[in-house]
Amino acid sequence: MATKHENSSVLELERSKTKPPKLYKVLLLNDDFTTMEFVIEVLQTFFSKNQEQAVQIMLKVHNEGSGVCGVYTKDIAETKVTQVSAFSTQHGHPLRCHMEEN
């Protein structure tokens, strides 16, 4: 009985190197009308900051003009900006929130 040998080619696995997604900082901007308490509420509600962290970021916004709330992928950063902007408008505050590439 004859056995048939087929030429089998070995496929080399090519590992494609995927780059990690770009990250974006979400920032709050200071204004003369939004209360410090409201900024703290926003930081706790939308960025899961505890009281101490929220106060520190709020003071940075107040003293330096802006403060980083967190660093996220693009989709999450866009969602956070939209949520904060809508919440601020709903409560009659001009608090501005934006994102920039990290």
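Axes here are lines fitted to C-alpha atoms, for helices over the stretch in contact, with angles from 0 to 180 degrees between N-to-C directions. Helices (H or I, at least four residues) and strands (E, at least two) are DSSP runs, numbered from the N terminus. This is a predicted model, where local features need pLDDT of at least 70, side-chain atom pairs count only at pLDDT 80 or more, and totals for chains, interfaces and linings use all residues. Residues are numbered from 1 along each chain as its sequence is written, and side-chain values use heavy atoms, leaving out hydrogens and water.

**View A. Helix α1 (residues 36-47) against helix α3 (residues 74-90).** The two axes come within 11 Å and cross at roughly 140°. The contact (heavy atoms within 4.5 Å) is made by F38, E41, V42, F46 and F47 of α1 with K80, Q83, V84, F87 and S88 of α3.

**View B. S88 in helix α3.** S88 has a relative accessible area of 0%, so this residue is buried (under 20% relative accessible area, 1.4 Å probe, protein chains only). Leaving aside neighbours within four places in sequence, S88 touches F38, H93 and L95.

**View C. The ring pair F38 and F87.** Three aromatic pairs turn up in the whole structure (Phe, Tyr or Trp rings, the six-membered one for Trp, with centres within 6.5 Å; planes under 30 degrees apart are stacked, over 60 edge-to-face, the rest tilted). F38 and F87 are stacked, at 5.4 Å centre to centre and 10° between the planes. F38 sits in α1 and F87 in α3, so the pair ties together parts 49 residues apart in sequence.

Notes
Buried < 20%, exposed > 50% of the residue type's maximum accessible area, 1.4 Å probe, protein only.
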